[in-house]
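Please look over the sequence and the model before reading on.

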Amino acid sequence: MRLWTVLTVLLFAAPAWGEVWKPVTVGKVDGLSNIVASKDGKTAYVVAQGKYYAVTIDGRLNGPVEAPVWPSPPTDMIPHGNVAVGQNHIEKAWLVQPTLRYGHGALGDKIEAGGFKVQLRDGRELVYELADQYVFGDLSPRLADVDGDGLDEIILVRASLSEGAAVSIYRVGERRLEHFAVSPSIGLAYRWLNPVGVADFDADGEMDVAVVEMPHLGRSLVIYSRTASRLKERGRLSGFSNHHIGSPILDLSVAFDVNNDGVVDMILPD
């Protein structure tokens, strides 16, 4: 099945927000099925027709290359889930507590997650449970140091049963997992967003969260920055989609420094 054939890199090249996104085509593939990042975040692998291709630091699409090795899943992880592997105090994180209370069905089945679990490097395991009016409309946590304290936070798509999806961030407290920050919800049930990545996209020294809002309908790339416990929109650009409805593959976009200028870029289909 052919989903998309054009891979676009968005380069951010100015210090102030505005009309500064420059789309650049780095290659064309038939039958694109996945885009995944290496553990060190320095290479993107494009999967097409069963073969892996590498997007290199100089912005070229090279391949076929040897497929990367991924870890075995935990037994309590939700169907189609993936494990996030951390580099700091969080060793691993994954989604648990499968539930049918939302039943959106956009990610391969109607199962969402009611919570997530983290395994810390000190051996502890902590679980966060959502209230009944929410689910995680996601398949894997994302780990990134959002507040610059040297410790990773956990970034997930949280869906309200009445107001749809939002970006929700959690952190490890002294004894439990804590809610840290959240974006506004889209506003309607079954309206979803798919993250692109977490990085300092505008080179202002603060971490941002990039998502494609409603990749099946609105198809807008949106950038959020954090102010206290809120994620506020910094800008948006239309014309992108990083998910095919009904597919469990959420990684059709990736963020890393393609042109080696010290600022993180994005790779996603137009």
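What follows describes the overall make-up first and then local features.

This is a predicted model, in which local features need pLDDT of at least 70, side-chain atom pairs count only at pLDDT 80 or more, and totals for chains, interfaces and linings use all residues. Residues are numbered from 1 along each chain as its sequence is written, and side-chain values use heavy atoms, with hydrogens and water left out.

The secondary structure comes to 0 helices and 21 strands; helices (H or I, at least four residues) and strands (E, at least two) are DSSP runs, numbered from the N terminus. Of the 270 residues, 49% count as buried, where buried means under 20% relative accessible area, exposed over 50%, and partly exposed in between (1.4 Å probe, protein chains only). Among contacts between residues at least 6 apart in sequence, 48% join residues at least 24 apart; a contact means heavy atoms within 4.5 Å.

Strands of a sheet pair through backbone hydrogen bonds, either parallel or antiparallel. Here two strands are taken to pair if DSSP finds at least two bridges between them. An open sheet is formed by 4 strands in the order β3-β4-β5-β6, with antiparallel pairing. Strands β3 (32-37) and β6 (61-65) stand at its edges, each with a single partner strand, so one side of each has no neighbour in the sheet. From one strand to the next, the twist averages 30°; axes are lines fitted to C-alpha atoms, for helices over the stretch in contact, and angles run from 0 to 180 degrees between N-to-C directions. Within this order, β4 (residues 44-48) and β5 (residues 51-55) are joined by 5 bridges, and Ala-48 stands opposite Lys-51 in β5.

The aromatic rings come next. The structure holds 7 aromatic pairs. Rings of Phe, Tyr and Trp (its six-membered ring) pair if their centres lie within 6.5 Å; planes under 30 degrees apart count as stacked, over 60 as edge-to-face and the rest as tilted. Phe-116 and Phe-136 have ring centres 5.8 Å apart and planes at 65°, so their pair is edge-to-face. That pair links distant parts of the chain, with Phe-116 in β9 and Phe-136 in β11 (residues 134-136), 20 residues apart. Both Phe-116 and Phe-136 are buried. Phe-136 and Tyr-170 also form an edge-to-face pair, because their centres are 5.8 Å apart and their planes at 80°. Tyr-170 lies in β14 (residues 164-172) and Phe-136 in β11, so this pair ties together parts 34 residues apart in sequence. Tyr-170 is buried, as is Phe-136. Ring pairs link Phe-116, Tyr-128, Phe-136 and Tyr-170 into a cluster.

Asn-194 is placed in β16 (residues 193-199). Asn-194 counts as buried because its relative accessibility is 0%. Its side chain reaches the backbone oxygen of Leu-250 at 3.0 Å; a polar contact is a pair of N or O atoms within 3.5 Å, where, within protein, one must be able to donate a hydrogen and the other to accept it, and residues adjacent in sequence count only if both atoms are side-chain atoms. Not counting residues up to four places away in sequence, Asn-194 touches Arg-142, Val-211, Val-212, Pro-215, Asn-242, His-243 and Leu-250.
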